[in-house]
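Subject: Structure handover

Hello,

Here is the structure I promised to pass on. Please open it first, then read my notes below.

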Amino acid sequence: MNDESDSNTNLSVAKQRKIGWLTDVGKVRETDEDCVTVSSFGGEFGRVNLLAVADGMGGHAKGDEASKIALSKIWVESFSKIAVPELFGGESLPVVLQKGIEKANEAILEYTSKNPEASGMGTTSVCAIVDSRGRVSIANVGDSRAYVISDTTGIRQETKDHSLVQELLDEKKISEEEARNHPNKNVITKGVGLSSPLEPDIKTVQLKNDESLLLCCDGVNAHLSDDDIKKIVQETPNPQYACKKIVDMANDR
């Protein structure tokens with residue numbers, strides 16, 4: 001998601017965000033356990049975007065269903081409320097995101113309670129609400145990530161993984177290089193639909209005009225370095241083409 005000048009409009013805001021998204025089954029599994037949603041609301045408050053990625057957990061029962069339940073609930077419980085004008089004078093966007101994830105968590109737990117064969121299914125999730133001023137509220141659970149990429153300052157990871165490897169890194173028991181190749185790098189310590197209550201990590205950042213926002217599951221960062229991601233985004237102004245290049249490189253590797 002990046003900025004592009006629009007010289008054919010008389011709007012007071014000269015910069016408009018462009019969005020690209022893509023999901024792919026990859027080279028290992030037969031079903032795509034990822035789910036993506038992109039929704040926009042335009043009105044007197046300006047355009048607001050909800051972006052969300054969920055990665056149904058591989059190895060857990062019905063992970064693909066878990067990711068889709070999570071995303072549908074994030075949509076129903078968070079973005080639909082943004083369309084209500086009262087929200088702009090009431091609840092903050094981080095609170096809206098938190099409620100969306102909490103509802104998603106409840107929905108998956110309710111589903112598994114009624115369908116015992118699906119016990120243990122869950123999903124990671126990273127989602128963001130971007131307002132017309134470039135203010136971004138980000139929430140994450142698990143090891144799906146949010147990055148901000150700039151032509152001038154490079155790339156920075158805005159989320160922190162909830163994973164065994166991240167805990168080992170925090171305790172300085174392994175190096176960054178060891179983390180990339182760790183045999184347990186897929187073990188997460190927090191997921192949507194695995195326990196209640198669930199507390200997502202939430203933060204707000206200001207997206208500058210030359211910065212792009214990238215949300216992705218671990219299928220990207222497991223195969224691409226930060227420099228790989230930065231190079232693709234910086235060299236590909238069209239975000240849809242950038243998504244395609246990122247997916248293609250991850251699959252090639």
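Which residue in E5 does leucine 51 stand opposite? Leucine 51 stands opposite alanine 128. Bear in mind throughout that this is a predicted model.

Start with strand E4, residues 48–56. Nine of its nine residues are buried, so E4 is largely enclosed by the rest of the structure. Val48, Leu50, Ala52, Ala54 and Gly56 point one way from the strand. Asn49, Leu51, Val53 and Asp55 point the other way. E4 has antiparallel pairings with E3 (residues 34–41), over eight bridges, and with E5, also over eight bridges.

Next, the cores. The largest nonpolar core has 25 residues. Those with the most contacts inside it are Ile74, Ile101, Ile108, Cys127, Ile129 and Val192. Five elements each supply at least two of its residues: E4, helix H1 (63–82), helix H2 (93–114), E5 (123–130) and strand E6 (135–141). H2 gives the largest share, seven residues. In soluble globular proteins, nonpolar side chains tend to be buried together.

Now strand E7, residues 145–150. Six of its six residues are buried. Arg145, Tyr147 and Ile149 point one way, while Ala146, Val148 and Ser150 point the other. Six bridges join E7 to strand E10 (residues 211–216), and the two run antiparallel. There, arginine 145 has cysteine 216 as its bridge partner. E7 also runs antiparallel to strand E8 (residues 154–157), with four bridges between them. Isoleucine 149 stands opposite isoleucine 155 in that pairing. A hairpin of three residues links E7 to E8.

Last, helix H6, residues 226–235. Asp228, Ile229, Ile232 and Val233 are buried here. They cover an arc of only 120° around the axis, which puts them on the same side of H6. An α-helix has 3.6 residues a turn, so residues three or four places apart point the same way. The face turned away from the buried side carries Asp227 and Glu235, both exposed. What do the buried residues of H6 pack against? They pack against E7, E8, E10, helix H5 (218–221) and helix H7 (239–252).

Over to you.

Best wishes

Methods. Residues are numbered from 1 along each chain as its sequence is written. This is a predicted model: local features need pLDDT of at least 70, side-chain atom pairs count only at pLDDT 80 or more; totals for chains, interfaces and linings use all residues. Side-chain values use heavy atoms; hydrogens and water are left out. Buried means under 20% relative accessible area, exposed over 50%, partly exposed in between (1.4 Å probe, protein chains only). Two strands pair if DSSP finds at least two bridges between them. The arc is that of the directions from the helix axis to the C-beta atoms. Contact means heavy atoms within 4.5 Å. A nonpolar core is a set of buried Ala, Val, Leu, Ile, Met, Phe, Trp, Tyr and Cys residues joined through side-chain atoms within 4.5 Å.
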